[in-house]
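Here is a short tour to read with the model open beside you. It looks at ring pairs, then at one helix and its neighbours.

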Amino acid sequence: MEFLTDEKLLIVGAAGMIGSNMAQTAMMMKLTPNICLYDPYAPALEGVAEEMFHCAFEGVNLTFTSDIKEAFTGAKYIVSSGGAARKAGMTREDLLKGNAQIAEDFGKNVRQYCPDVKFVVVIFNPADITGLITLLYSGLKPSQVATLAALDSTRLQSELVKYFKVPASKIENCRTFGGHGEQMAVFASTTKVDGTPLTELIGTDKLPLADWEALKVRVIQGGKNIIDLRGRSSFQSPAYVSIEMIAAAMGGKPFTWPAGTYVNDAQFQNIMMAMETTIDATGIHYKEVAGTESEKAELEKSYKHLCEMRQEVIDLGIMPPVADWKQLNPNM
């Protein structure tokens, strides 16, 4: 049976809804026969593993454990949804303190047990900050750690599909950049709808300005809407998109939706945020974001919001001051 690789894929937080969906998706996509599920909550983890065994996936050597050392040792690829879930009335930022501590422990576990890991995807919120903390404490290179920001861009595509009543294939190059949260920058200038630039439609009878502003709000509050509709935070879409990300790193089709990546350049310093990225077998790489002046201003605003969150984590004592980061991770 053809798999992308035979190297070990570790799914952290596998007892949860995102984690269990990631496990099933990874096996359906035939990423590797060597999959390990980890979660500290052993009974639910065993239940997930039993379900996966009942699927009778051919050729997969599925293991599960609540022992951190056993889980992480030898892992070459990791996807972690191992934080607290967002509940009704909460913003992603409300999760900051508890999940920041989890991210620190996660990064330290990577450094201790699998320093030769090739790629890590962090998807527990607030993902920009938890990804940054993971990178810092893991000692990995910035090209080896990505976060799930792409969901915002796919939500923009979804809203445009519903509004214009055209297939998703007719909506090209949807982009949101910056933070994965209420402060994300929603771009219009990159997108085409059935071959027509979205910017040429905004402000016309095809997409009045008020409708566009309302549509942007729906994109920004896409996660909240899932909670309102289902009574729980989204799990199917983050599971699928994050496995597409790790599949790209494992040698599959490159992932070209904007993902969260470590940025340190002339404009944005020492931050994890959604950029124009590509994930492939060499890791995650970004290039400068192109947009209108007003879009760039929104991106700058999003960046400043992320810097404030970063400072909060530094003030909590979970991350050292930026000037001391290289002592923890010389790659940063």
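## Aromatic pairs

Rings of Phe, Tyr and Trp (its six-membered ring) pair if their centres lie within 6.5 Å; planes under 30 degrees apart count as stacked, over 60 as edge-to-face and the rest as tilted. Ring pairs join Tyr38, Phe72 and Phe106 into a cluster. This is a predicted model, where local features need pLDDT of at least 70, side-chain atom pairs count only at pLDDT 80 or more, and totals for chains, interfaces and linings use all residues. Residues are numbered from 1 along each chain as its sequence is written, and side-chain values use heavy atoms, leaving out hydrogens and water.

The rule gives six aromatic pairs. Tyr163 and Phe164 are edge-to-face, because their ring centres are 5.2 Å apart and their planes lie at 75°. Phe177 and Phe187 are also edge-to-face, at 4.9 Å centre to centre and 90° between the planes. Both Phe177 and Phe187 are buried (under 20% relative accessible area; exposed is over 50%, partly exposed in between; 1.4 Å probe, protein chains only).

Helices (H or I, at least four residues) and strands (E, at least two) are DSSP runs, numbered from the N terminus. In H1, nine of the twelve residues are buried, including Ile18, Met22 and Met27. The buried residues of H1 pack (contact: heavy atoms within 4.5 Å) against several elements, among them strand E2 (34-38), helix H2 (42-55) and strand E3 (61-65). After H1 comes Lys30, with a positive phi near 55°.
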